[in-house]
Amino acid sequence: MHIDPLYGTVEEIAEAVRLNEVSAEDMATLALQAVDAINPRLGAFTDVTTDRALAEATEIDAMLARGEPLPPLAGVPVAVKNLYDVAGVTTRAGSRINRDNPPADADAVLVARLKRAGALLIGTLNMDEYAFGFTGENAHDGACRNPHATEHMSGGSSAGAGASIAAAMVAATLGTDTNGSIRVPASFCGVFGLKPTYGALSRAGVTPLSPSLDHTGPLARSARDLALLFDVLRDAPMTAPGPSPTMRELDKGADGLRIAVAGGWFREKGFPEAHAAVEKVAKALDVSDEVELPEAGRARAAAYVLTAAEGGAYHLERLRERAADFDPDTRDRFLAGALTPSAWVTEAQRFRRWFRDRVSALFAAHDIILAPATPCHAPKIGQKTFVLDGEEVPTRPNIGLYTQPISFIGLPVVAVPVWLDGARLPIGVQVIAAPDREDLALRVAAQLQEDGIASAPVASII
Amino acid sequence: MTDDRENWDAYMEAAIKLLGLTVRPEWREAVISHLIVNAGAASSVADFKAPETCLPAPEFDPRSTSADNSPKS
């Protein structure tokens, strides 16, 4: 294990606590000290739950002292996007408006599962307001900065969920992903992110953006950790100690999997680094096949319509009563979304079924599809436009160019972080599988990490 | 449909009144621009003309008692 226990993976930390090499209280204290020291430069945390973390640590240490078996995440510092309910903490959802609400009276289901698995909750994390954005910028809490280059975006909307891991303040986080909000910060901050199959993980106790498309999922610095977290979060039966059911699958590696690169839409528009990262991964996996997801551009457009309409409808009362208190970057989009004709929504949902059927057919011949996660490295904070295929376009919506068509039909994806030669910032590649085959995507991600093609080094923050 | 700013302005004006919303003058241009972007996206989807046998994707589960109707809540 690394000399600083916080630099360890989830698996390593839990093992060190189990072997009494470090106490859970030490882990909580180290994480809280790291947040104190580093967070002012990043803006990743919005609430720090010191008392809870220390109480949870005391409980773990007491279990160990009594000789009881420890749960799988015992002593592991974690944090959650402030979209998740945490008992005793007001769920900000990145907003000014919601912080007038009373504190949540119970944990979200997934937060409770982390607690039951022995994790230490260090706090809640910065995000784009109401999860409606890809930048990690927030008018109320300030921008969440990229730990690898603090003048750059962390990506959003699960901004702090990516940045806090890349900076080793915690070992794992929970994010949400409607159009790319786990995969984008994973790409920009250089960590692993799992957006599971739509509906695979509970959303109870999580503030929605667009229920047709909302997913919950974990981020971490290793693919093995994602497998363990996925099993904890889906409440898979486990025997401790030892690898969890999905972790055991990882030993199979990528051998025998039929892998292709997504062509068409996913080969267009992006900056060279987006395609170079896919090429690097494809070469390492000896992949030459290419498949085309038909009408992927329309899939993105349909996801855009659904998000706007459902988001606008969900926030209608707040838009009536307190429109001026929204972040200006989200308010105008929610207002426009609230005016969406219903026929547009129905058409988008009809197209969704068509697109799902066509993409499902591709999985008869392939197990995994590779695609860029973002069209570029993290842009600078405040950057309003960039040039794609010679056309100047707004940065904010186009960051999700490659993620939106995939979450639109709820496929499981692992975003793996790639460092290109000489690059100052990482960039992610989407490893996409058929519904309910998270195990296959995680096998490929773990293989890439083992081979050094994907990696999530802790940032040196200057 | 997407470049008819005057029509979208009139649509917004009528719709916000009916929905009880207020759009301040300084927000107006941005809201109309977003409406036009949404219209462009919707138009792209509508132009595709999925077969009429293709029903909308959402399904309601009458057996679920959960708040979010997702299978694992």
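A:Ser157 touches A:Lys81, A:Asn126, A:Met127, A:Asp128, A:Ala131, A:Gly133, A:Phe134 and A:Ser181, leaving aside residues up to four places away in sequence; a contact means heavy atoms within 4.5 Å. This is a predicted model, in which local features need pLDDT of at least 70, side-chain atom pairs count only at pLDDT 80 or more, and totals for chains, interfaces and linings use all residues. Residues are numbered from 1 along each chain as its sequence is written, chains are lettered from A and ligands numbered from 1 in the order in which they are written, and side-chain values use heavy atoms, with hydrogens and water left out.

A:Ser157 sits in the loop between strand S5 (149-153) and helix H5 (159-166) of chain A. Helices (H or I, at least four residues) and strands (E, at least two) are DSSP runs, numbered from the N terminus. With a relative accessible area of 0%, A:Ser157 is buried; buried means under 20% relative accessible area, exposed over 50%, and partly exposed in between, using a 1.4 Å probe and protein chains only. The side chain of A:Ser157 makes a polar contact with the side chain of A:Lys81 at 2.7 Å. A polar contact is a pair of N or O atoms within 3.5 Å; within protein, one must be able to donate a hydrogen and the other to accept it, and residues adjacent in sequence count only if both atoms are side-chain atoms.

The backbone here also deserves a look. The peptide bond from A:Gly156 to A:Ser157 is cis, with omega near 10°. A:Ala131, one of the residues that A:Ser157 touches, has a positive phi of about 65° although it is not a glycine. Most residues other than glycine have a negative phi, and most peptide bonds are trans. A:Ala131 lies in the loop between strand S3 (120-125) and strand S4 (145-146) of chain A, and it counts as buried because its relative accessibility is 5%.

Another loop of chain A, between helix H9 (272-284) and strand S10 (290-291), holds A:Asp289. A:Asp286 is found in the loop between H9 and S10 as well. A:Asp286 has a positive phi, near 60°, and counts as exposed because its relative accessibility is 71%. A:Asp289 is partly exposed, with a relative accessible area of 39%. Residues up to four places away in sequence aside, A:Asp289 touches A:Ile259, A:Ala260, A:Val261 and A:His366, and its side chain makes a polar contact with that of A:His366 at 3.4 Å.

The largest pocket takes in both chains. Its space is about 970 Å³, and its lining has 40 residues, of which A:Arg300, A:Tyr304, A:Pro397, A:Asn398 and B:Val37 lie nearest the centre. A pocket is found on a 1 Å grid over the protein atoms alone, as an open set of points where a 1.4 Å probe fits, with protein on both sides within 12 Å along at least five of seven lines; lining residues have an atom within 4 Å of a point. Grid points are joined across faces, edges and corners, and the volume is the space filled by probe spheres set on the points. Among the elements that each supply at least two lining residues are helix H12 (328-338) of chain A and helix H2 (25-48) of chain B. H10(A) gives the most, with six residues.

Chain B has two helices and zero strands. Of its 73 residues, 32% count as buried.
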